Amino acid sequence: MSSSRWITAPLRLLSSVGLALTLILLLALLTWLGTLAQVEHGLYEVQRRYFESWFVLERVAGLPLPLPGGQTVMGLLFLNLLVGGLWRLRGRKGRLGILVTHAGIAGLLVAGFVKLSFAQDGHITFTEGGSADAFESYLRWELVVARDLGDGTRREWLVPEEDFLDAMPGAPVTLGAPELPFQLQVQQVMRHCMRLPKGPMFEVDVPVVDGWFLSEEPRLTEAEAEVAGAYLSVVDLSEGVRRPCLLWGRDRAPTTLRMAGADWSLSLRKERYPLPFTIVLDDFTKQDHPRTGMPRSFSSDVTVVEGGVERPVRIEMNQPLRSSGLVLYQASWGPQGAPPGTPLFSTLAVVRNPSDSWPLLCCLVIAAGLLLHFGARLARWVGREAATR
Amino acid sequence: MARSHVPLPLVPRPRSGHAGRHQLLLAVLAAGLLSACGESSEVRAITVSRLVPSGGPAGTAHGSHAAHAAKAPGGLSPGAVAAGGEPVAGGRPFAGAAPFAGGAPFAGSAPLAGGVTPPPSHLASGLGWSVPAGWRTAAERPMRVVTLLPGDDPDTECYVTVLAGAAGGARSNIDRWCGQMGAPPLTDEAFAALPRRPMLGVDAVQVEIAGHFSGMQGSSVADALLLGAVLTLPDRSVFVKLVGPRRLVEPLRADFLAFCDSLELAPGA
């Protein structure tokens with residue numbers, strides 16, 4: 001095989017319509033399998049397993065069926081579009097429109113990849129009069145070591161969940177920082193558990209710390225409802241003393257300790273992302289359908305304080321707030337079924353997505369490409385018809 | 001943002017030759033095996049830190065929010081609570097504070113699907129509590145702050161309801177419970193003789209009623225026992241009720257009282 005064929009053969013394969021069709025069918029298969037699995041495993045787990053993975057091992061009638069994961073399929077589809085557009089359409093006049101359309105579709109895939117890799121999403125939940133300067137993840141956890149500096153500020157050391165979730169009995173994870181006089185040795189993490197008091201009438205097979213233990217619960221299909229917990233030891237670096245500690249995601253207060261002449265706190269909480277502004281909920285309004293308890297609409301009147309400037313904004317269904325690269329949607333409210341007069345809370349879904357507007361732009365590019373292509377064909381046909389008459 | 005674990009220790013690349021490649025392969029395999037077994041001596045560096053105001057919670061909702069301290073105390077002290085975005089409560093060094101424990105965390109709703117995203121239940125009702133050992137929290141139910149299941153029996157449940165105002169008062173609600181148990185309403189003397197127990201800063205009326213329970217949802221339990229507590233706060237009434245077969249409920253008296261004692265109002269609530 002000549003050296004040029006070593007180059008052109010893979011390019012032909014990568015740009016083939018057959019490959020595109022195969023990838024689209026694989027994507028449909030993953031979507032179908034994921035839809036079936038979601039009943040039992042929940043949306044988050046299915047997304048992670050089928051669409052945010054490179055490889056999936058499915059079981060069909062007890063037999064393993066290896067499949068490419070969503071990232072693999074969409075990555076190859078992107079290459080197929082790119083190479084197909086550039087390679088197969090090279091030098092052909094009148095194919096500019098198709099090239100533009102290919103670029104638009106490829107852009108959609110890139111937008112999806114950017115969102116997967118760089119987006120942050122979470123929520124703000126508050127009642128009237130409340131304010132927030134950060135939003136909280138629905139799913140991701142973080143370990144936090146904090147120390148009050150005494151000047152109105154607090155320093156927080158943050159450990160993302162990837163750095164401690166894999167801790168297990170017999171294989172602990174040790175965390176440290178140069179500024180900390182101690183290390184954290186995470187011995188066990190439970191993705192969903194309850195913190196319970198240890199009574200005298202029963203025994204447990206997990207450590208009991210100061211009369212409390214973590215009771216592991218079955219995983220939930222709604223991952224955002226899970227409450228994580230962790231057993232860890234605080235290892236004093238100067239004395240070598242180990243102090244057992246138990247953290248739970250719903251603790252009402254952090255665990256405090258004194259070490260090296262300073263007060264420290266430890267907590268396990270949902271990951272927080274600072275906002276570039278402060279948002280204050282001035283008024284939450286809910287309207288029900290007449291003579292029913294079904295909500296018709298709900299909206300939040302907020303004040304956005306940024307750079308010392310306050311501006312009132314109404315956030316309601318289909319009218320989000322877009323500011324500083326963030327989008328805040330009116331997502332929900334509660335408590336449902338509350339008696340009249342109960343203070344209601346408003347939940348705003350917050351998304352920081354660098355590619356937020358890319359899908360719209362890509363759709364415009366696709367439309368432009370189709371217009372260009374079919375417009376050119378129409379022009380050629382009209383020209384031929386005129387020439388024959 | 002794509003994240004990755006701390007990588008395996010770097011292995012110097014040999015200059016050339018098959019022997020060098022074999023050494024490289026062995027070194028990588030050895031590093032992989034070492035990293036996979038037992039307690040790793042590797043310390044994962046905490047690389048992310050930030051400054052936040054310490055006058056309130058680190059972020060999320062704060063202010064006059066019922067579930068959060070208006071202003072957390074500056075500085076930390078052993079046994080006190082750091083301003084970590086959580087309500088102020090007593091903390092114990094190394095053991096964590098009294099846990100929030102319970103509530104129905106987001107049960108039955110998908111926040112992004114337009115359903116309810118319930119915050120911690122003390123946010124919803126202004127109450128906090130501790131779940132007794134061996135009890136578990138059931139899925140959220142309408143009109144209930146929390147439903148707890150002491151065991152596997154589906155007919156035995158304990159739940160808390162909060163209604164605005166006096167909600168008819170303790171007497172009328174206890175009489176309603178008597179009706180559910182197939183028992184006659186209490187006389188004035190019997191009601192006055194009911195024990196009182198301090199709960200949420202007021203005296204709650206306690207009651208025990210035996211009989212045939214007929215629930216509002218059509219459930220029916222023969223030879224049932226109901227343990228209840230009713231208290232009236234300035235703006236709301238709180239009802240705590242444990243009901244189920246007598247043989248299952250009687251051993252739960254202490255747990256029920258402990259649960260009642262654990263009820264507390266969130267700051268600002």
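1. A residue is called buried when its relative accessible area is under 20%, exposed when it is over 50%, and partly exposed in between (1.4 Å probe, protein chains only). By this criterion, strand β18 (residues 345-352) of chain A is largely enclosed by the rest of the structure, because 7 of its 8 residues are buried. Strands here are DSSP runs of E with at least two residues, and helices are runs of H or I with at least four, numbered from the N terminus.

2. The model is predicted: local features need pLDDT of at least 70 and side-chain atom pairs count only at pLDDT 80 or more, while totals for chains, interfaces and linings use all residues. Residues are numbered from 1 along each chain as its sequence is written, chains are lettered from A and ligands numbered from 1 in the order in which they are written, and side-chain values use heavy atoms, with hydrogens and water left out.

3. Chain A contains 6 helices and 18 strands. Of its 389 residues, 46% are buried. Chain A exposes about 19500 Å², of which carbon and sulfur atoms supply 62%; accessible areas come from the Shrake-Rupley method with a 1.4 Å probe, and for residues only the protein chains shown count as cover.

4. Strand β18 of chain A has antiparallel pairings with β3 (residues 120-127) over 8 bridges and with β17 (residues 326-334), also over 8 bridges. Two strands pair if DSSP finds at least two bridges between them. In β18(A), A:Arg352 is the bridge partner of A:Gln120 and of A:Leu326.

5. On the surface, A:Leu76, A:Leu79, A:Leu82 and A:Leu86 form a nonpolar patch with about 320 Å² of accessible area together. A:Leu86 belongs to helix α4 (residues 70-88) of chain A, and A:Leu86 counts as exposed because its relative accessibility is 56%. Patches are made of residues with over 30% relative accessible area and no salt bridge; like charges are joined within 9 Å, and nonpolar side chains (Val, Leu, Ile, Met, Phe, Trp, Tyr) within 5 Å. A salt bridge is a side-chain nitrogen of Lys or Arg within 4 Å of a carboxyl oxygen of Asp or Glu.

6. In chain B, 7 strands form an open antiparallel sheet in the order β7-β8-β9-β13-β12-β11-β10. Strands β7 (136-137) and β10 (196-199) of chain B stand at the edges with a single partner strand each, so one side of each is left without a neighbour in the sheet. Within chain B, β12 (residues 220-232) and β13 (residues 236-245) run antiparallel and are joined by 9 bridges.
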